Amino acid sequence: MLTNTPAVTVWEKTIVNRAAFYVRHQTGAVYWEETRGQTTGGMARDPDNNVLVIIHASCIGEYIPKPDDRIANGISESEQPLSDALTVTSVKRFLYGPSAGQHIEVTAK
């Protein structure tokens with residue numbers, strides 16, 4: 001699998017006593033692609049900027065990201081999400097077929 005980033009950090013969002021609490025996870029090499037665009041709704045042009053992260057099954061580790069988690073490019077030792085960390089909006093699992101092609105696709109804003 002083609003990779004262009006050595007690792008990403010994911011902060012798993014959990015709720016403890018009605019407050020957000022984060023658990024940090026790191027992956028191996030990933031493919032990170034930023035997209036910039038706009039959506040048109042009548043007269044307004046709203047930004048529609050996303051990040052697509054493809055993580056090979058061998059680099060996922062024990063944790064698979066889920067929506068509302070936070071993700072950042074690179075390795076971070078911070079226990080709380082960085083200010084520029086993105087929010088995961090969707091996760092698609094492709095963990096079937098030959099092992100060389102198994103991966104997950106994470107979309108974040």
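The following legends describe close-up views of a predicted model of one protein chain.

Residues are numbered from 1 along each chain as its sequence is written, and side-chain values use heavy atoms, with hydrogens and water left out. Because the model is predicted, local features need pLDDT of at least 70 and side-chain atom pairs count only at pLDDT 80 or more, whereas totals for chains, interfaces and linings use all residues.

**View 1. Overall fold of the protein chain.** Read from the N terminus, the order of elements is β-β-β-β-β-β-α-β-β-β. Of the 109 residues, 33% count as buried; buried means under 20% relative accessible area, exposed over 50%, and partly exposed in between (1.4 Å probe, protein chains only). Among contacts with a separation of 6 or more, 52% join residues 24 or more positions apart, a contact being heavy atoms within 4.5 Å. The chain exposes about 6,700 Å², of which carbon and sulfur atoms supply 52%; accessible areas come from the Shrake-Rupley method with a 1.4 Å probe, and for residues only the protein chains shown count as cover.

View 2. A search of the whole structure finds three salt bridges, each defined as a side-chain nitrogen of Lys or Arg within 4 Å of a carboxyl oxygen of Asp or Glu. Side chains of opposite charge can pair when their charged atoms come close. Arg24 forms one of these bridges with Glu77, with the closest N and O atoms 3.8 Å apart. Arg24 lies in strand E2 and Glu77 in the loop between E7 and strand E8 (86–94), so this pair ties together parts that are 53 residues apart in sequence. Arg24 also meets Glu79 in a salt bridge, at 2.8 Å from N to O. Glu79 belongs to the loop between E7 and E8, and this pair links parts of the chain 55 residues apart. Arg24 is partly exposed, at 24% relative accessible area; Glu77 is exposed, at 58%; and Glu79 is partly exposed, at 46%.

**View 3. The salt bridge between Lys66 and Asp69.** The closest N and O atoms of Lys66 and Asp69 are 3.1 Å apart in this salt bridge. Lys66 is partly exposed, with a relative accessible area of 31%, whereas Asp69 is buried, at 0%. Elsewhere, salt bridges that share partners join Arg24, Glu77 and Glu79 into one network.

View 4. Asn17, although not a glycine, has a positive phi of about 50°. Asn17 lies in the loop between strand E1 (8–16) and strand E2 (19–26) and is exposed, with a relative accessible area of 73%. Asp68, likewise not a glycine, has a positive phi of about 80°. The loop that holds Asp68 runs between helix H1 (57–60) and strand E7 (70–73), and Asp68 is partly exposed, at 44% relative accessible area.

**View 5. A nonpolar surface patch.** Val16, Phe21 and Val23 make a nonpolar surface patch of about 230 Å². Patches are made of residues with over 30% relative accessible area and no salt bridge; like charges are joined within 9 Å and nonpolar side chains (Val, Leu, Ile, Met, Phe, Trp, Tyr) within 5 Å. Val23 is placed in strand E2 and counts as partly exposed, at 30% relative accessibility.

How values were computed: Helices (H or I, at least four residues) and strands (E, at least two) are DSSP runs, numbered from the N terminus.
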